[in-house]
Every structure is written in structure tokens, then in C-alpha cells.
Amino acid sequence: MSARNIFARPARYAAIAPYLWMVLFFLVPFGFVLKISLSQTAIAQPPYLPLFEFTEGWGALKAAFAALSLDNFRLLISDNLYIATYLRSLVVAVTSTLILLLIGYPIAYGMARLPQRWQGVAMMLVIVPFWTSFLIRIYAWINILQHDGLLNKILLALHLVSVPVVWLSTDSAMYLGIVYSYLPFMILPLYATLAKLDPALLEAASDLGAAPLATFWLVTFPLSLPGVGAGVLLCFIPIVGEFVIPDLLAGSSSMMIGQTLWLEFFTNKDWPVASAAAVALLLLLVPPLLLYDRLQRRTLQGEG
Amino acid sequence: MARRVNGISRFNVTALALGLAFLYLPIVILVIYSFNASRLVTVWGGWSLRWYAEFFNDRAMLDAAWMSLRVAAVSATLATLLGTLGAVALARGGRFRGRALFSGMLYSPLVMPEVISGLSLLLLFVALDAERGFWTVTIAHTTLTMCFVTVVVQSRLASLDRSLEEAAMDLGCDPVRAFLSVTLPLIIPAISAGWMLAFTLSLDDVVIASFTTGPGSATLPIRIYSEVRLGVKPEINAICTMVIAFIAVVIVAASFASKLSSSQGESAAPL
């Protein structure tokens, strides 16, 4: 016990470097986003750089505060386009998370029921696509879904359709891409809790006369809820801000908030509005992020 | 009873098989078509390596690939150092002031939408008047990937038997010595797995790199992305296949490392 305490002190010093790094490159940048989201777009100035003058030092801070304005947020709230983006991000994230749960659960369940020596292999097989480039996996789907791609060829050959179906630039393609990319994130936490499930509990349930389906809903599912929670959050949070998948696979008629941010920043060069969109997105994500943080701490640290 | 618990039902096997097919088929198709001789991506014109040759003649693509490899190597190394330190502090530091903020900062980038991380880092670099290019992308990737290293190393540390460190100290080692000679050798496999994860994540990123890079220093994913937006090209298939092959080599090495660390059983004996 005392040895543990002696060990803890130098272990704490190990935090210094990563702590400073994260404060400088993770926490402080949010301050800049907030600051710029409250500043005004300077039309007269060159398209981007000097919207703000931090180089003047902290003496100019007071003046900077006076210049703050909520105009960018007013724009975000008043313009129907932005509200639509906001809502669409939520709808897409909720829908795809549900689909992921429906697909991921049976797979994770199947993995957990495999003989012990096969479980490691199955887990490896699920992880490997996560290691292959995410962009490449989306590109692989573009190959298949394009006008004269493999999918349409198969459908035509089977006489299921008479003319090629438009798959690219549709919501179905986007959902497919999202589900495809995030599936490992759903499967792994689910599998982790399902594999830990004590088989004796299932035996007890069936000894007591529960049908397999009842055993599942009364025993397995409730016990797997921590895994469900982790999987849902791991998918939902990044999907809300997803950019690449909707940009490459969905049509351009309606956008998600990540796309708006990208467009305002790179195409319109409107940094204040892009920053305001980032703040809005972040606000949306604060509750799930807090939940996720708690869950992570409980699973990783145990005694904390 | 035993049959129900250990046996696999047809439903389980089907779900698993379909799931794996869904995960792998698109990649297999992409790889096959990268050897297609035809200029039309959708028409099969026989086997050929011409698109691979095309890549090695594409100066801009080669530059981007080189840039990506350098960024990935440097950022993964930095991330491994910082991430391991963070994991040690979280797993062995007990309670300390600012711990909640520390763990929050280390866990949230794992799920933080990349557009937010990218934009916020860019605004910081502009405010610091940093020249954008290799180092800004490297710093950005380090920030993201060190969190993954922390999670990997921390879960390994959590499953390690602490009595080993304590025994070393009872036998007269000071804490640093106990860590270096007892703990570190045991978590080396997790650390190397963390390095490889950081490396592949950096090699994969397009959003954060787009925000933080400067003119003339595009990474490979940025190049691929801008080509992909214009449509499918056989050369891109070839490049993607090479990236996949390269990462596969990295993964095989990583799986050896994790096999060594016996990450399977949680209560596995540490020696």
C-alpha cells in the first residue's frame, strides 16, 4: 500500500508534458474558435487572415471584448438554411446510430458466442477495416455505387431493374457509407460487454423456464446496456459532425453542419461564421460528450 | 445447457458472416479493379500493372505520399511519448488535482468531430503566426493520436498486476527504476501497438490535415480526396491498394505485438 503511494507521486509528474500539450493544442484553440465566432466578418480586409489581432497582445483585450458581437449566431439562428443543416445533422446521426445498433448487435452477439479461440480472430477481422484508410473505404463504395458500377451491373444482370439506378449523391448512399465506416465502433464495445457476460446467468434463466427470446430481453440485453451506451456515443458524436462521407456520397441539396462549416471556411472564406457553426456544433455535443467522458472513466479507470 | 451457451446457432454464424462480408467485399473489389488494364474503371480489360506505373510517374502524388509518411512517423513518435506519459499518470497517479480535466482532454478528441479539431487548431496556428506546413500538420496529428495511444496503454496498465511494481520497490528500487525495469518491459507491446495505431490514423486523416496544412504541402489523403471528388480513376485504385498493403504490413506487426502482450485474457499472468 505504501509502495503504491510512493509510486503515485512520480507517476503524477508524467502528466506534466501531455497536460501542457493538451491545454495548448486542444483547450486553448477552443477559446480562439469562440473568440472568432463572436467577431465580425471584415469585408474590406483580405478574405481571411486579419479578422482579429491577437498579436497586439493582451492589452488590446478590452477593446476586443467591446467589439464582440453575436451577429454570426444571429445569422445561424435566423437563416432557415442553417437551421435545416442543424436538424439534418441530428436526424442523420440518430438514424444511422439506430441502424448501426440494429446491425452491430447481432454481429457482436455472434462473436461473443463463438468458441473462445475464434473470438480473437473475429475481433481482429472486425478491427482490420478500422485500420485501413477510412477515405479509401468510402472510395471503394463509390466504385461500387457509380452509374455503371458493380451494383448496377448485378441488378441489371439479375433483371431486378431495367435501367441503372442512381445510387451516388443520394441519402441511401450516405447512410450506407456511414454505417460501413462506423460499424467497428459499434461492434467492439458491444462485444466487450457481451463477452464478459456470465454464461451461468443464461443457464439459470433457461433452467427457470425462460424461452430463448425472453432470456435475451430479460437477461442479456439489460446486462449489455453499458456496451450499447458506449457504442451509441462512439458513433453518434462523430457522425453529427461528419464531413467526408456526406460530402462524397450524399447529394448537395441538403447539408450537414460539418459541411456547412467546411463550406463557410474553405469556399466562402467566412471564418467567423465557420467558427460560429463550430460553436453551435460543440454545444449540441456537450451532453453526449459529458456522458461519454463518464462512461470512459468508469470503464478505463475502475477505481478512478 | 452447454450446447446453448457454447454452441453457435445458425443465426449467429449468418450474422457474423454477412457482417464480415459487408466489411470486406468493397475493399476486395477495389483491389481487384486496381489491376484492371482498361482506362474505364467499370470495364474489365484484363490484368495489368499500368496504374501502379502511373503512380510512380506522378510527381505530385509521390510528394504527397512522402509528406504523409514523414508526418505519420514524426507525429506517431511524439504521440507515443506523450500518450504513454498520460497513460502512466492516469493509471498509476492516483488522484491528483486537475485529473478530471486531464482525462477529459485525453478522451474527448477520440470522438470530437474532426472539423472542430481542425478549425480550432488552425485558428491557434494563425494566432501564433506559425507557418503552415509539415510541422502544423504534425502537431495536429500528434494531438489527435496521442489520445488513442493513452487509451491503448492505459488499458494495458490497468490489467497489469501492481504487486510487481510494489515488490520491486520493496526490494529497494526507487519508483522510476521500478517503472523502467519492471513496468515498461511489460507494456512495450501496448506502446508499440499504440505507435502503429497513431501512424495509421495520421496516414488516414484528410479533414484535420486540410485545415492545418499550408499551400504546397498536401498530404496523400488530401490529394486522394480531391481526385475522388472528381470521380473514380484507376490510378486512385492503385494508390489505395498500395496504402492498404502498406497498412496491412503495419497491422501484422501490431498483431504480433499485441499477441506478445497477451491482451486477450484480462487476468492473464503478466509474465
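Guide: Of the 304 residues in chain A, 50% are buried. Buried means under 20% relative accessible area, exposed means over 50%, and partly exposed lies in between, with a 1.4 Å probe and protein chains only. This is a predicted model, where local features need pLDDT of at least 70, side-chain atom pairs count only at pLDDT 80 or more, and totals for chains, interfaces and linings use all residues. Residues are numbered from 1 along each chain as its sequence is written, chains are lettered from A and ligands numbered from 1 in the order in which they are written, and side-chain values use heavy atoms, leaving out hydrogens and water.

Chain A has 15 helices and zero strands. Helices (H or I, at least four residues) and strands (E, at least two) are DSSP runs, numbered from the N terminus.

Now the close look. A:F185 sits in helix α9, residues 171-196 of chain A. Its relative accessible area is 23%, so A:F185 is partly exposed. Setting aside neighbours within four places in sequence, A:F185 is in contact with A:F130, A:G231, A:L234 and A:C235. Contact means heavy atoms within 4.5 Å. A:G104 is 81 residues from A:F185 along the chain, yet their C-alpha atoms are separated by 9.0 Å.

Contacts across the whole chain come next. Take those in chain A between residues at least 6 apart in sequence: 75% join residues at least 24 apart.
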